[in-house]
Amino acid sequence: MYKATLLGLSAIFLLFTFHNSFAKGDLSRQKAIEVEINLKGKTGKVHFYEPSTLKFETGKLYKLKLINLSDSKHYFTSEKFSNSIFTRKIQINKNNEKIAEVKGIIKEIEVFPNNIVEWWFVPIKTGEFKDLFCKIEDKKTRQTHKQMGMRGTIIIE
Ligand SMILES: [Cu+2]
């Protein structure tokens, strides 16, 4: 009886140690990996993401910089991607100074011409998502930016 109890206690102790040695801690507080995507184009001509494919890994913290280098506003919309990550914050800068941090669940981001928004997140689900697009309508062609080429793929491994 005594032996069995001792064995049971040892097993619990071992499980506890095992569990602790594999704990990853606060994943949202790692050093962020910086990734950039440029939102480019010209009204009436073409609109696109550069690069148009982004790759991430689960469990790592990313700082994705959405950089609008064009004369038009742009959306970064991928429902499948936003459902596969944990958002730590959205950071908005002006003249290289932080002006706001937005926290909570984020579904899409719109960036105005010549501005940068940072999306800080940790991917939690793997997949290949081909639903990245921009819904803005071009003022000259009356087509959406998506129709004019502004589409992309996000891969989480
Ligand atoms: Cu656009």
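This is a short tour of a predicted model, one selection at a time.

**Stop 1: the whole chain**

Show the protein chain as a cartoon. Its secondary structure comes to two helices and eleven strands. Now trace the sequence from start to end. The pattern reads α-β-β-β-β-β-α-β-β-β-β-β-β. Colour the chain by burial next. Of its 157 residues, 22% are buried.

**Stop 2: the six-stranded sheet**

Select strands S2, S1, S4, S9, S6 and S7. In that order they form an open sheet with mixed pairing. Which strands stand at the edges? They are S2 (46–50) and S7 (97–102). Each has a single partner strand, so one side of each is left without a neighbour in the sheet. From one strand to the next, the twist averages 20 degrees.

**Stop 3: S6 beside S9**

Keep S6 (residues 85–94) and S9 on screen. How many bridges link this pair? There are seven, and the two strands run in the antiparallel sense. Pick Ile85 to see one end of a bridge. Its bridge partner in S9 is Pro123.

**Stop 4: the largest nonpolar core**

Hide the cartoon and show side chains. In soluble globular proteins, nonpolar side chains tend to be buried together. The largest nonpolar core here has 21 residues. Select Ile37, Leu64, Leu66, Trp119 and Phe121, which touch the most other members. Where do core residues come from? S1, S3 (53–56), S4 (62–68), S5 (74–77) and S9 (116–123) each supply at least two. S9 gives the largest share, four residues.

Now centre on Trp119. Leave aside its neighbours within four places in sequence. Trp119 is then in contact with Leu64, Leu66, Ile90, Ile106 and Ile109.

**Stop 5: Val35**

Finish in S1 (residues 33–42), where you will find Val35. Is Val35 buried, exposed or partly exposed? It has 14 C-beta neighbours inside 10 Å. A buried residue needs 20 or more, and an exposed one has 12 or fewer. Val35 therefore counts as partly exposed.

Which residues does Val35 contact, beyond those within four places in sequence? They are Leu54, Tyr62 and Leu64. Draw a distance from Val35 to Leu54, C-alpha to C-alpha. The two atoms are separated by 8.6 Å, though the residues lie 19 apart along the chain.

Note on methods. Residues numbered from 1 in each chain as written. Predicted model: local features only at pLDDT ≥ 70, side-chain atom pairs only at ≥ 80, totals over all residues. Contact = placed C-beta atoms within 7 Å. Core = buried A, V, L, I, M, F, W, Y, C linked by C-beta atoms within 7 Å. Pairing = 2+ DSSP bridges. Axes fitted to C-alpha atoms, helices over the stretch in contact; angles between N-to-C directions.
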